[in-house]
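Please keep the sequence and the model in view while reading.

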Amino acid sequence: MLAQGTTPAGAETEQQASAWVRGMFGRIAPRYDLLNHLLSMNIDRYWRARTVSSVANILAVPGARVLDVCCGTGDLTLALESRSRSAAVFGSDFCHPMLEMAKGKAAHAKLFEADALQLPLADASLDLVSTAFGFRNLTNYHSGLLELRRILKPGGTLAILEFSTPPNALLASAYGFYSRAILPAIGGMLSGSKDAYTYLPESVRKFPDADGLADQMREAGFVNVRFERMTFGIVALHLGLR
C-alpha cells in the first residue's frame, strides 16, 4: 500500500506511483516552463528568487556543495549557481526529458539522473539541499526527508519550496476553484496532457499544509524548522537544519 506520499489515480504501490509521475513529467517537459510562467502569471520567478535569497549566505561560502533535488528543467539550479561565488551547485531529477530541457538552457550545468529517494551520494556530503515544486511528487515524504537529511552535513540546510494551502478560507476556496476548473483546462490544452494538469493541482490538495510539512520535517530529525508563506499562502518556503 502507498505510504504517505503522492497518490496518482490508479497507482496501488509506491513503484507504480513513481513510474506514473516520471512518465507524466516526461510528457509535459517541452511545455513545462511555459505553463509554469503562464499559470502563475510569472510569480514563480519571484518564488525562486526569494528561495535563492534565503540561502545566499550558504552560497557565499567558498567550496560549499549544493544539490537541487527534483530540479526539473533547472530554473532553481541555475538561479542558485548564478548567485554562488565558488559553491559547487548540482541538479538531479529522475525524469530524463526534464533533465534534457535543463541541459538545453545551460550545457555546463552539473546535472545527473537519480531518484530523490535513493541518491547516489555519500552521507553528510552537502551544505545545502533545495527542491522547488518537486517534493510533493515523492511517493513517500518521510523517506524523502530522511534521505535528504542523510546527505546533508551536520548543520546543513534543507530548503523546500512548495505549493501550500492558503490559511484564509476565502482565498483557499478561490484558489481551489482555480486549481480544479481553470488550471486543468488551460494546462491540458497547451500541454496536450490533461491528466497531468488534473494530477498536479490534486497533488497540492493532498499535500500537507505549511504547519504539517514543518511537523514532518521535525519528525525526520530537522531542527530550527521555520517557514515563510508567499503570495497569500499559495506557496511556502520551508527551511530546516540537520
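Leu80 has a relative accessible area of 0% and is therefore buried, a term that denotes under 20% relative accessible area, with exposed meaning over 50% and partly exposed in between (1.4 Å probe, protein chains only). The model is predicted: local features need pLDDT of at least 70, side-chain atom pairs count only at pLDDT 80 or more, and totals for chains, interfaces and linings use all residues. Residues are numbered from 1 along each chain as its sequence is written, and side-chain values use heavy atoms, with hydrogens and water left out.

Leu80 lies in helix H5; helices (H or I, at least four residues) and strands (E, at least two) are DSSP runs numbered from the N terminus. Not counting residues up to four places away in sequence, Leu80 touches Val52, Val55, Leu59, Val66, Asp68, Val89 and Ser130, where contact means heavy atoms within 4.5 Å. Asn42 stands 38 residues from Leu80 along the chain, and the C-alpha atoms of the two are separated by 18 Å.

Strand S7 (residues 235–241) has six of its seven residues buried, so it is largely enclosed by the rest of the structure. Strand S5 (residues 152–163) pairs with S7 in the antiparallel sense over seven bridges; two strands pair if DSSP finds at least two bridges between them. Within S7, Val235 stands opposite Phe163. Strand S6 (residues 223–230) also pairs with S7 in the antiparallel sense, over six bridges, and Val223 stands opposite Leu241 in S7. S6 and S7 form a hairpin with four residues between them, and Thr231 in the turn has a positive phi of about 50°.

Attention now turns to the aromatic rings. The structure holds eight aromatic pairs. Rings of Phe, Tyr and Trp (its six-membered ring) pair if their centres lie within 6.5 Å; planes under 30 degrees apart count as stacked, over 60 as edge-to-face and the rest as tilted. Phe25 and Tyr32 form an edge-to-face pair, at 6.0 Å centre to centre and 75° between the planes, and both residues are buried. The pair of Phe135 and Tyr141 is stacked, because the ring centres are 5.6 Å apart and the planes lie at 25°; Phe135 and Tyr141 are both buried. Trp47, Phe133 and Phe163 form one aromatic cluster.

Phe163 is also among the residues nearest the centre of the largest pocket, together with Leu39, Tyr175, Tyr178 and Leu183. On a 1 Å grid over the protein atoms alone, a pocket is an open set of points with protein on both sides within 12 Å along at least five of seven lines, whereas a cavity is a set where a 1.4 Å probe fits but cannot get out; lining residues have an atom within 4 Å of a point. The largest pocket has a volume of about 590 Å³, a volume being the space filled by probe spheres set on the points, which are joined across faces, edges and corners. Of its lining, six residues, the largest share, come from H8.

The second largest pocket has a volume of about 490 Å³. Its lining comprises 34 residues, of which Cys70, Phe94, Gly134, Asn137 and Leu138 lie nearest the centre. The largest share of this lining, five residues, comes from H1.
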